[in-house]
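This note sets out points for a colleague who is meeting the structure for the first time. Please read it beside the sequence and the model.

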Amino acid sequence: MSSSGALRLHPVDAAMAVDRDRAEAAVADLLEAFGRDVSGDHLADTPRRVVEGLLELITPREFTATTFPNDDAYDDLVLVRDIPFTSVCEHHLLPFRGVAHVGYVPGPRLIGLSKLARIVEWYAHDLHVQERLTVQIADHLERHLEPAGVGVVLRAEHLCMSVRGVHAVGSSTETRVFRGAVAADDRLRRRFEASGP
């Protein structure tokens with residue numbers, strides 16, 4: 001964090017790290033292994049589209065996490081609810097999507113409210129499991145804000161459960177991380193639980 005309270009988050013440049021030609025050839029090989037003709041009009045450009053789409057899902061956008069001094073010593077929960085996110089299950093390469101409720105009890109610094117949504121988006125753009133994503137968001141806030149407490153609740157539908165396997169359409173998975181004052185104070189935890197659908 002700079003003295004001005006701005007932390008610049010740069011993506012690992014997945015676009016640069018990917019051998020696009022090899023990735024597109026791999027997608028074409030996969031389609032052919034399933035008996036599809038990739039030379040036809042409908043599938044000829046599919047390998048490129050698949051690679052571009054996956055890169056978009058797993059490459060976060062660069063942003064600056066601006067923070068400000070907590071000059072008024074605000075010491076209650078700051079909670080942003082229903083932040084939409086989409087990530088990609090690393091076990092099946094299918095999306096999972098839902099909402100995040102992210103809050104903190106400030107210490108010496110406050111963060112711009114939109115930046116809480118940006119942090120969720122930043123970490124969601126990767127191959128993931130929901131449990132790790134929840135922890136990463138909480139860890140980030142603890143590391144860069146030094147808050148008195150942090151809470152992160154994610155609720156998501158996983159396509160690997162709803163469109164394949166058990167076909168549990170409409171099911172959702174919830175993960176939670178409560179730390180510091182949020183973990184210790186029942187009243188603060190209940191504020192997160194009031195964030196339910």
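**Notes on the predicted model**

1. Five strands make up an open sheet of mixed pairing, in the order β6-β3-β4-β7-β8. Two strands are said to pair if DSSP finds at least two bridges between them. At the edges stand β6 (127-128) and β8 (173-180), each of which pairs on one side only. Helices (H or I, at least four residues) and strands (E, at least two) are DSSP runs, numbered from the N terminus.

2. A word on the basis of these notes. The model is predicted, and local features need pLDDT of at least 70, side-chain atom pairs count only at pLDDT 80 or more, and totals for chains, interfaces and linings use all residues. Residues are numbered from 1 along each chain as its sequence is written, and side-chain values use heavy atoms, with hydrogens and water left out.

3. On the overall layout, the chain has eight helices and eight strands. Its C-alpha atoms fill a box of roughly 65 × 40 × 20 Å along the principal axes. Of the 197 residues in the chain, 38% are buried; buried means under 20% relative accessible area, exposed over 50%, and partly exposed in between, with a 1.4 Å probe and protein chains only. Contact means heavy atoms within 4.5 Å. Among contacts with a separation of 6 or more, 71% are between residues 24 or more positions apart.

4. Valine 105 has glycine 149 of β7 as its bridge partner. Towards β8, valine 152 is partnered by valine 177, and valine 153 by arginine 176. β7 is mostly covered, with nine of its 10 residues buried.

5. Which residues have the most contacts inside the largest nonpolar core? They are Phe85, Val102, Leu133 and Ile137, in a core of 29 residues. Such a core is a set of buried Ala, Val, Leu, Ile, Met, Phe, Trp, Tyr and Cys residues joined through side-chain atoms within 4.5 Å. At least two residues of this core come from each of β2 (63-69), β3 (78-89), β4 (95-105), α4 (113-124), α5 (130-145) and β7 (149-158). The largest share, six residues, is supplied by α4. Apart from this core lies another, of seven residues, including Leu77, Val105, Phe178 and Leu188. In soluble globular proteins, nonpolar side chains tend to be buried together.

6. Leucine 133 shows how the parts of the chain meet. Leaving aside its neighbours within four places in sequence, leucine 133 is in contact with Phe85, Ser87, Phe96, Tyr123, Ala124, His128 and Leu154.

7. A disulfide is a pair of cysteine sulfur atoms within 2.5 Å, and the structure holds zero disulfides. Cysteine 89 is buried, at 6% relative accessible area. Cysteine 160 also counts as buried, at 10% relative accessibility.

8. Alanine 73, which is not a glycine, has a phi of about 55 degrees. Alanine 73 is found in the loop between β2 and β3, and it is exposed, with a relative accessible area of 53%. Glutamate 146, also a residue other than glycine, has a positive phi near 50 degrees. Glutamate 146 lies in the loop between α5 and β7 and is exposed, with a relative accessible area of 57%.

9. Finally, the largest pocket has a volume of about 360 Å³. On a 1 Å grid over the protein atoms alone, a pocket is an open set of points where a 1.4 Å probe fits, with protein on both sides within 12 Å along at least five of seven lines; lining residues have an atom within 4 Å of a point. Grid points are joined across faces, edges and corners, and a volume is the space filled by probe spheres set on the points. The lining comprises 12 residues, of which Val27, Val50, Val51, Leu54 and Leu93 lie nearest the centre. α2 (20-33) and α3 (46-58) each supply at least two lining residues, and the largest share, five residues, comes from α3.
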